[in-house]
Amino acid sequence: MSNPVNAPEWKRLQELQQQLTGQRLQTLFDQDSQRFERFSAQVGNIFIDYSKNFIDGDSLDALLELADEQQLKDAINRLAGGQQIAPTVNAVPYIALRDRSFLPVCIEGEDVSSGVRNVLYTMRRLCENIRSWSWRGYNGKPLTDIVTLGVGGSGNGAEMVCRALAPYHSPSLKSHFIANADAQAIRDKLAQLHPDTTLFIISSKSFVTQETLQNARLAKAWVTSNASTADAMHQHFIAITSNKNAALEFGIPEDNILPVWDWLPGRYSLWTSAGLPIALAIGMERFEQMLDGAHLIDQHFLNTPFSQNVPVLMGLLGVWYANFWNTPSQAILPYSELLELLPGYLQHSLMETNGKSIDLQGQPVNYSTAPVIWGSAGTKNQHTYFQLLHQGTHLIPADFIAVASDTSGGDESVTTFLHFLAQTETLMRGTTPEQDADCTSDEQRLPGNKPSTSLLLADLSPGTLGQLLALYEHEGFVQSVLWNLNPFSHWGTELGKRFSAGLGNASIDEIAAARHDSSTLGLLDVFKRMQEEQHRRDPFHTGSLREESVYTVF
């Protein structure tokens with residue numbers, strides 16, 4: 001892998017983009033009756049149509065040649081084997097997390113597959129005990145509510161999947177997720193629950209994340225102050241962490257601690273121990289069906305020629321738009337309310353993977369990398385910001401995701417799909433007063449010629465969802481190879497955590513005495529003054545200023 005700008009294919013792609021500039025997508029269809037068949041593919045339960053994009057045979061061939069120039073096949077093989085993808089970068093074999101053949105894959109002498117197998121065994125044991133009501137609260141009652149405390153990859157993946165697979169949930173267990181640093185969020189949630197029937201999962205790789213520990217302390221105080229037994233921590237708390245000692249010190253029994261490996265970025269952790277909330281909600285068997293779905297895509301990714309390889313094609317399209325069409329963002333628009341959290345999850349996955357400006361050789365890049373990922377459920381938001389997609393000045397490639405067979409069934413699912421179809425076609429075709437009698441003025445003119453990719457899921461089962469998530473994970477890896485980036489680092493996130501921890505562990509006077517910028521110090525002063533004024537007005541106000549804990553707000 002090297003700077004892609006120096007590859008001869010890069011200049012060729014620039015020339016091809018110029019040839020397509022001004023070309024209308026509708027014309028491409030008019031010129032090629034086989035365009036849909038040529039630019040679509042199916043893998044597993046997912047059909048992808050990328051024919052409504054500014055792509056033709058020449059540009060696709062050039063993108064595939066760029067992938068070869070950047071040694072994509074070799075990088076994929078190294079990923080699967082946990083080998084180095086650059087002299088200083090170890091591959092993170094996230095593929096091994098869902099390969100239940102458990103073939104040995106080692107990182108620095110550690111057999112990853114052995115650790116994965118042990119975690120799945122522990123998850124199954126916990127699920128069986130909790131879902132069968134063998135595991136009970138301190139008053140002997142079955143558990144009714146599972147509250148996961150975690151931020152970022154420690155919680156958002158599990159929350160997204162639990163929402164997407166809501167029809168598969170056990171009716172006797174309700175799932176809740178708290179990631180908010182504002183203590184009011186957990187206080188509001190606790191007010192709806194009962195301490196003797198609630199299980200807390202503290203999901204934190206480091207077990208020092210301030211937001212998570214602040215909420216964990218409140219949960220611990222809530223349970224132990226109501227419990228009449230010393231075993232309450234054993235009955236009501238599970239930890240998912242790589243910092244076992246910190247979890248033990250917090251009071252979590254050793255049998256209730258599931259490991260997370262230091263080598264695994266949080267955005268991949270839903271496939272392993274951080275997926276425990278998913279397994280509790282839908283059952284371990286269905287969780288393993290999700291792993292199987294992802295594994296199916298993994299095998300497709302590893303073994304299929306690039307010209308028919310769906311995640312490779314998705315990755316190449318992203319590079320094509322980001323680098324040659326100068327599109328700074330990409331929309332993810334699921335036409336299923338159950339997938340409403342998917343765009344936020346993919347923001348984390350794709351933007352943390354490729355939101356980098358330093359390449360594998362330690363040099364600043366001179367080309368665009370990850371676009372801004374954004375979006376929400378199109379089922380309701382097609383009446384809001386879609387105006388900008390249709391008539392705005394930005395070129396925004398969009399992924400539309402629909403489900404052929406969903407839980408609504410009947411006319412409702414058909415209506416949703418027709419809205420999905422109408423949006424993608426209208427974005428491409430546009431309209432003018434000459435074409436549409438309802439378009440009565442130039443102000444109503446829609447330019448069309450807006451690209452989109454359609455992903456149609458056969459259903460929204462655990463297996464199909466696993467397939468979808470794996471597709472996007474591999475898309476991010478493909479792009480990292482073409483952009484010559486380390487997809488597994490996240491120094492920006494880590495730096496923010498370190499700065500936050502430094503502020504959180506210091507008193508106000510210590511912070512004020514440190515060498516911070518005038519804005520940080522000014523905001524500190526305003527914050528302190530506001531809390532003091534509030535305290536004077538209401539001495540019993542719960543948010544009153546206290547030296548030792550004020551910076552938990554960070």
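A salt bridge here is a side-chain nitrogen of Lys or Arg within 4 Å of a carboxyl oxygen of Asp or Glu. Keep that in mind as we walk through this predicted model, which holds 16 salt bridges.

Let's start with glutamate 254 and lysine 244, whose side chains meet in a salt bridge at 2.4 Å, N to O. Lysine 244 belongs to helix 11 (244-250), while glutamate 254 lies in the loop between that helix and strand 11 (257-259), so the pair ties together parts that are 10 residues apart in sequence. Glutamate 254 is partly exposed at 47% relative accessibility, and lysine 244 is partly exposed too, at 37%.

Next, look at aspartate 196 and lysine 141, where the closest N and O atoms of the salt bridge are 3.3 Å apart. Each of the two sits in a loop: aspartate 196 between helix 8 and strand 9, lysine 141 between helix 6 and strand 7, so this bridge ties together parts 55 residues apart in sequence. Aspartate 196 counts as buried, at 7%, whereas lysine 141 is partly exposed, at 42%.

Aspartate 32 bridges to arginine 38 at 2.6 Å. Aspartate 32 is buried, because its relative accessible area of 16% falls under the 20% cut-off; arginine 38, at 46%, is partly exposed. Elsewhere, Arg100, Arg124, Glu288 and Asp292 are linked in a network of salt bridges.

Helix 15 (residues 342-354) is mostly covered, with 10 of its 13 residues buried, among them Tyr345, His348 and Glu352.

Conventions
Residues are numbered from 1 along each chain as its sequence is written. This is a predicted model: local features need pLDDT of at least 70, side-chain atom pairs count only at pLDDT 80 or more; totals for chains, interfaces and linings use all residues. Side-chain values use heavy atoms; hydrogens and water are left out. Buried means under 20% relative accessible area, exposed over 50%, partly exposed in between (1.4 Å probe, protein chains only). Helices (H or I, at least four residues) and strands (E, at least two) are DSSP runs, numbered from the N terminus.
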